[in-house]
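Here is a set of questions and answers on how labels are assigned in a structural model. Each answer sets a value against its definition.

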Amino acid sequence: MKGYLLRLSMVTLFLVTTLLATVAQTGSIKGSIVDGSTGEPLIGASVLVEGTTTGAAADLDGNFVINGMAEGIYSLRATYIAYRPLVITEVKVEGGKETLLEIAMETDEVSLDEVVVVATPRLESERILMRDQQNATVIRESVGAQQLSMQGVSDIATATSKITGVVKSEGSGEVYVRGLGDRYVSTTMNDLPIPSDDVERKNIDLALFSTGVIQNVGITKTYSTGGYADQTGGNINIVSKEFVDQFTLEMQGGFNSSLLINNQFSKFRVTPNLQNSLLTFYRREYNLVDAITKQSWDPRGKSIPLDFGFTSTGGKEFILWKRDLTLFYTLSYKSDHSYTTGVYRRFNSNTVYTDFSDTETWSSSANLTGLINLAYRLNNNDKINYNLLFINKLTDQVYEQGRNGNGYKFDMDEISDSFFTRDMNSRTTMVLVNQLLGDHRFSDSNRLEWGLGYNLIAADEPNRIRNYTGFDQGSLYFSYRIADFENRKSSQEIDDRELNGYIRNKLDLAVGGHPWKLEYGINYRNKQRDFSNQFVGVQMMGVRKGDDNVDDLSSLFNDPGFASSKIKTLPPDLYNATLQALAGYVGLGFSHGKLEGNAGVRYEYDRMDVEWDINNDDPLREPSIRKEYKQFYPGVNLRYHISEQQGLRLSGSRTITLPEFKEIAPFAYTSPNSTLIQGSPELKASRNWNADLKWEYFKSTDELISLGTFYKKIEDPINITSLTGGAGYLIYANTGKQAGVMGLEAEARFNLFKNELQSLRMILNGTRMWVSQDLLEAYQYNNKTSSGLQGASELITNLTLSYSHLPANWQVSLSGNYSSDRIYAMGSPKDANNRDYLYNDEIIEKGVITLDAVVSKGLTDHLTVKLLARNLLNPEMQMKQNLCDLNSREVENLVVESYRKGMRMQLSVNYTF
């Protein structure tokens, strides 16, 4: 192995050295093209080396680059529609160096009546996205691929956290918008819905999407009637990439500092499932019953758990029937590893039920992402796009509690004070998104857009392995209180299919001397889910192992004396669910002097059908439910132009929060640390009223100051709360009659210093919220009649400082984020008559500060090296809960869960051909 790595290193070094030697013999011309009067970038302006066919086009920031120029003196010709051609002479190029130019062009007074310009702007640069934000009627904020590259962001979940009022939970990876979590947010790609990959979530895990597949990701915080009404916090829309005329290859390598703890580079653990996997693909070898005796129950070691990844991006242009057909693709693979230690506790009725001081988690993941975009322009007015997105992810986790012999589990006889548990699980997720999009301009005043999507999700846990045992007198002992299915192997399968689409027509009208915009359309969704979960357990009560080696549990099941009669099976837990949504809407936009806006109404019919066959279900309950919602949803968005640079926005709307399949089906899912969470068929939808007021000042094309306030009234809010019964048991419930969310937002984007050669830039934003929920009597305890909402942080701030030096091709970025405490799970009383002391208090996820840094250096015109350091502060992630002493009634705030994610270091090399 070492010899192979040495040979590979030598070959890589030889190739890089050869490339550097080749490139060093040529030079390049870099620069920008702007309007000579306004300084605005001229997107798409052409620069041609006179006497040759060599040239380039300006990007969204007006920048261009011409590579591979031999040493010499050249003349350049710059051209752009409606501008006078400009010739720049005596441009000197030296080998291995960059020649920098700034070209200012003047407008031409010639008539353009006969000129037809067809342009599709690429919404990747911060400057263009700010212009889009300024012109939008709704309150929308976006972050583009260029800014994300500067900040070293590799996935969309992290990308969204750079937007005002948005935070990503470091624990779950869930994205919160204005303090509202998964159920209050919707996710689309190119305005078409994409389904969740996880039974626990409404929205797909945004970390599955690498930033290489996007132009930008935007969050619309106010509601427009053209979108589905199931959103309150906002809609996250991913705009995928289209054609780029270049080929790039990027290689990444790194490690997580957590692996330095206890020498995890040589002790890293994975599940036995990984021996049947290749890259991100898993092959199931045994059914669950056979896996009891034929497959290992013990973790395996993995040597050198280093992170690795590559990304390839390219495009090609073809001529089909005398028209342009463009192809864009990107393919990326990355693998990550981490190790965490911490504590885990759970209380029930202010009594300790579970207490482990030595939790350990070994996590590894591999993610393969591919995107293909085909775009065909039928003529100047008609364009069709096809997107195929493929994601395949394999995650592997080994979780342990109690290896130190001090783990506590309530009421386990001899082993209550020396309990040990292990959960080993591999998850495979395959996402296939197909989208066909059309854009047709029938006239200057009539535009028709449509989209059709078909999505498939397969999210499986093919072989999950759990063990409950304990240390007793130098041996491992399985207490008589350990049930048959607590030592088990299980599988879970989720298959989602969704057909969705939209069609919308936009008309520009002139009535009474004022411009009007009429938009109307329909939306349709049909989402289906098949869910299956099966346990195969082993009757281990009273069994004693001759030694206390917890890494050799397989010998118990391979022993000739092991009787197959000990294997217990249950019928699978099943549920099948369907969501159908059909909506029609109409919106009218207007512009009158300094006031513009739109008002619209949407009628949406949503129907949810859930059928289940669950073990131990209530025999008196009908195993199916139908929920129907028929409602009008109005929306108004106004913008008043105080001046050319300043605007005032006012928005109001009504929306709904539908319960999710997993929140309705009464299936209890067990997390690796043994926390159970169950759905509730009685769950009601939340009705929401939203209001926003925002002032914006666009100081320049890339500088902004904004202040805003918002209020949301949520009727029948849905939360996760503890359930009367066993410790760690959580349910989804309508915990309050109504909740109010009031907030203030502020954002500033400034160039602290900027000239032709270098710049220092700051992006600062923050959100302060006040959240209150009137608790229903069933959830009141210890004189507590109100609370916040699950997942709502009352303070969120983001700060980014970025420095760039154009001649030296340096870019440096430092990004920090803070989110304050938020509720992980609501509390509840455990006894209706003794609410003052028999209760479970709410579990609080403590706020943290995170810090990331990126340093990028262009070594040549083609080769760039980037160093990323994520989670530099490596804060301790904690969840806390108040415990009331049943005798003294004194309250103590205790840590119920904790761990550190580790600092992740990564070095990447990018080569553009």
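Predicted model: local features only at pLDDT ≥ 70, side-chain atom pairs only at ≥ 80, totals over all residues.

Q: What makes the approach of Glu 696 to Arg 649 a polar contact?
A: A polar contact is a pair of N or O atoms within 3.5 Å; within protein, one must be able to donate a hydrogen and the other to accept it, and residues adjacent in sequence count only if both atoms are side-chain atoms. The side chains of Glu 696 and Arg 649 are joined by such a contact at 2.9 Å.

Q: Where does Thr 469 lie, and why is it called buried or exposed?
A: Thr 469 is part of strand β26 (residues 446-472). Its relative accessibility is 0%, so Thr 469 counts as buried. A polar atom of the Thr 469 side chain lies 3.0 Å from the backbone oxygen of Tyr 477.

Q: Why is strand β40 described as largely enclosed?
A: Five of the five residues of β40 (residues 718-722) are buried, so the strand is largely enclosed by the rest of the structure. Ile 718, Ile 720 and Ser 722 point one way, Asn 719 and Thr 721 the other. In a regular strand the side chains alternate between the two faces of the sheet.

Q: What makes β40 and β41 a pair?
A: Two strands pair if DSSP finds at least two bridges between them. β40 and β41 (residues 729-734) have five bridges, in the antiparallel sense. Ile 720 stands opposite Tyr 732 in β41.

Q: What makes Trp 695 and Tyr 697 a stacked pair?
A: Rings of Phe, Tyr and Trp (its six-membered ring) pair if their centres lie within 6.5 Å; planes under 30 degrees apart count as stacked, over 60 as edge-to-face and the rest as tilted. By this rule there are 14 aromatic pairs. Trp 695 and Tyr 697 are stacked, at 6.3 Å centre to centre and 15° between the planes.

Q: Why is the pair of Tyr 781 and Tyr 839 called stacked?
A: The ring centres are 4.9 Å apart and the planes are at 25°, so the pair of Tyr 781 and Tyr 839 is stacked. Tyr 781 is in the loop between β43 (758-775) and β44 (786-787), and Tyr 839 is in strand β49 (residues 839-840), 58 residues apart. Both tyrosines are buried.

Q: How do you know that Arg 889 sits over the ring of Tyr 837?
A: A charge sits over a ring if NZ of Lys or CZ of Arg is within 6 Å of the ring centre and within 35 degrees of the ring normal. Arg 889 lies over the face of Tyr 837 at 4.2 Å from the ring centre. The charged end of Arg 602 likewise sits over the ring of Tyr 228, 5.3 Å from its centre.

Q: What makes Arg 602 and Glu 604 a salt bridge?
A: A salt bridge is a side-chain nitrogen of Lys or Arg within 4 Å of a carboxyl oxygen of Asp or Glu. The side chains of Arg 602 and Glu 604 meet at 2.7 Å, N to O. Both Arg 602 and Glu 604 are buried.

Q: Why is the salt bridge of Asp 336 and Arg 904 said to tie together separate parts of the sequence?
A: Asp 336 and Arg 904 meet at 3.8 Å, N to O. Asp 336 lies in strand β21 (residues 323-348) and Arg 904 in strand β55 (residues 904-912), so the pair ties together parts that are 568 residues apart in sequence.

Methods:
Residues numbered from 1 in each chain as written. Heavy atoms only, no water. Buried < 20%, exposed > 50% of the residue type's maximum accessible area, 1.4 Å probe, protein only. Helix = DSSP H or I, 4+ residues; strand = E, 2+ residues; numbered from the N terminus.
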